[in-house]
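Me: I am new to this structure and would like to know what stands behind the words used for it. Could we go through them together?

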Amino acid sequence: MPRILEVTDLSAHFPSEAGVVRAVDRVSFHVDEGETLGLVGESGCGKSITALSIVRLVPPPGRIVSGRIVYKGTDLMTLPERRMRRYRGREIALIFQEPSTALNPVFTVGYQIAEGLIVHGIMKKKEALREAVRLMELVRIADAGRRAREYPHQMSGGMRQRVLIAMALACRPSLLVADEPTTALDVTLQAEILDMLRVLKRDLRLSLLLISHNLGVIAETADRVAVMYAGRIVEEAGARPLFASPKHPYTAGLLRSMPRLGGAETGSGGGRRRLPAIEGNVPDLARLPSGCAFHPRCPDVMAECRVHTPGLLPLGDGAVACFKHHDPGGRPR
Amino acid sequence: MSALLEVGDLKKHFPIRRGMLSGVSGWVRAVDGVSLRIAPGETLALVGESGSGKTTTGRCILRLLEPTSGSVVFDGVDLLALKPRAMRRMRRQVQVIFQDPYGSLNPRMRVGTIVREPLDIHRIGASRRERDDMVAALLRRVGLDPSMKDRYPHEFSGGQRQRIGVARALALKPRLIVADEPVSALDVSVQAQVINLLMDLQDEFGIAYLFIAHDLAVVERIADRVAVMYLGRIAEVGTREEIFRNPLHPYTRALLQAIPIPDPTRARERAVLRGDPPSPAQPPPGCRFHTRCPSVIEACPRVEPPLLEVTPGHWVACHLYPGPGGASGG
């Protein structure tokens, strides 16, 4: 399958009093056409900054310090800002977590959906407003013609998230970057939105980069998964192999520590049981441990982990950054 | 077993005012007739989505909010009838852990002081020295190094802050802790540590929990019994086994089916609920769930189903399940 996006050695740094924060540290990944790549990680691991980096919207004082972002053969890093704007929203669209702050309170939702079409010169205002209603129907908003004239505060959280998806789809992008699109929603609404994203992706032939801390959301949506920890990708693999046999101790720990409905559905006893937690805390990006950032919490820590930082190296059909699988010279163990 | 906490027909209605000077134009019936029992040492999970009234129920039990009506009986004493002084004494036995480990700790107080404050207020221990020793023991018990007592909350991670909140709640050796979404703000890898801590403390001290949560996977780990709330009412109550293996209410089923499972090989069978939950200011007539229910029958929009015991200990408010006494209320 052709690559739609290939990110190589991307780094985004933030200056701080405590020193440089490497929010994104030499991250490489790709998204194939028509595929969903899930990017999973905990708070502060750099997954949102990675998303913003793709469209060169890292909030100052942060900035991209190195890397290539090749979208359909063009390295976005080399484009002047004027040309970059033609990609943002039109080719690559973003959906954010917070449906209440991403909408402008003084414009109708119909206008906000149409705005991209008008700004990019795709349609005149009247036509764009009609298209907005069609897009609202597409994201399953009932009575779209009337609701298009409403303001964001008149809508529930679930409705607003649907409006944001309609906005993102307006210019028919090829790549959708969705950063925690369902995290602020209740679980029944989350199920509906995920369901809708799957259908839209298929019908509109989108490629999707889905960012989430929720392994369940990732498992249900992603074809392939990249796991981030402390600014780096520590493992990448197809969704099935990753969940069936995680290679990185962090991925394995994360999967074990996540409570899942067990007893009720599998009849395996389930119920009141201690969870195998990962010891310690998610590290502060300004004060990262030496060597592999996961080493203080790792059950399989070795001497070299404290000194050297493992690179992301191929393993099977995926890749892993861990000295359990490669020695510090990069040779498979 | 006799109940440690018994909540009867609890209601909390908030007035809606359109402007500063205009009168009340309506009521948000956040909690609208909730009855619950918690036995000593038991964990009752109160689950529901936003707007279900679960947090308001917890706050009314703690009397952080004054209920509109109903009763809250703790160990035989009606908390709602207590004068402020007596209520303060009662607070030794009923403590709280909040969701937000950032907002619930005073940023200007050292953590040792935060944990010692309840001991100071209730004059526990013979001396300051003795109380400091108790603080050290508490910090150690929740997995923090007692030498951290002179640090401020911002120097701790989310998980550590929640441990501080647990230590503070634990200081007075309460018999009941109302834990309002205690792990939902935490990262997955840290969440498990705090859940384990709460279970260990219960085993050690025999504390009962009212565990308010929206995450059913967490609830299945920690709860003995589960109460499911929808728009201010209890939809279903039962033991953990019953609720998870034999959920009866269509809303409980939908909630369970909606949880994403971290296993990509599983094809999910899912009845996706249509529409958003209605506003608690205007709950639908009849069964409040009927506007989203996949199994709606003729009675549902007309008659509010009563909460009936279908099998021993398993109660459900749904017209699909007439109680043992025959047809459901109408």
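Me: What share of the contacts in chain A with a separation of 6 or more comes from residues 24 or more positions apart?

Reply: Residues 24 or more positions apart account for 61% of those contacts in chain A. Two residues are in contact if their C-beta atoms, placed from the backbone, lie within 7 Å. This is a predicted model, in which local features need pLDDT of at least 70 and side-chain atom pairs count only at pLDDT 80 or more, while totals for chains, interfaces and linings use all residues. Residues are numbered from 1 along each chain as its sequence is written, and chains are lettered from A and ligands numbered from 1 in the order in which they are written.

Me: How do you know whether chain A agrees with a compact globule?

Reply: The radius of gyration is taken over C-alpha atoms, and the globule rule is 2.2 Å times the number of residues to the power 0.38. For 333 residues a compact globule would have a value near 20 Å; chain A has 21 Å, so the two agree. The C-alpha trace of chain A spans about 65 × 55 × 45 Å along its principal axes.

Me: Why is A:Arg26 called partly exposed?

Reply: A:Arg26 has 17 other C-beta atoms within 10 Å, and therefore counts as partly exposed. Strand E2 (residues 21-32) of chain A holds A:Arg26. B:Glu241, in helix H8 of chain B, is partly exposed because B:Glu241 has 17 C-beta neighbours inside 10 Å.

Me: What makes the backbone of A:Arg26 worth a remark?

Reply: A:Arg26 is not a glycine, yet has a positive phi of about 50°. A:Ala230, not a glycine either, has a positive phi of about 50°. Most residues other than glycine have a negative phi, and most peptide bonds are trans. The peptide bond from A:Pro60 to A:Pro61 is cis, with omega near 5°.

Me: What is the angle between H3 and H4 of chain B, and why is H3(B) called oblique to H4(B)?

Reply: Helix H3 (residues 111-121) and helix H4 (residues 128-141) of chain B pack at about 125°, with their axes 9 Å apart. Axes are lines fitted to C-alpha atoms, for helices over the stretch in contact, and angles run from 0 to 180 degrees between N-to-C directions. Under 35 degrees counts as roughly parallel, over 145 as roughly antiparallel, 65 to 115 as roughly perpendicular and the rest as oblique. That is why H3(B) is oblique to H4(B).

Me: Which element of chain B gives the most residues to the side that touches chain A?

Reply: In all, 40 residues of chain B are in contact with 43 residues of chain A. H6(B) gives the most to that side of chain B, with 8 residues.

Key
Helices (H or I, at least four residues) and strands (E, at least two) are DSSP runs, numbered from the N terminus. A residue is buried if 20 or more other C-beta atoms lie within 10 Å of its own, exposed if 12 or fewer, and partly exposed in between; C-beta atoms are placed from the backbone.
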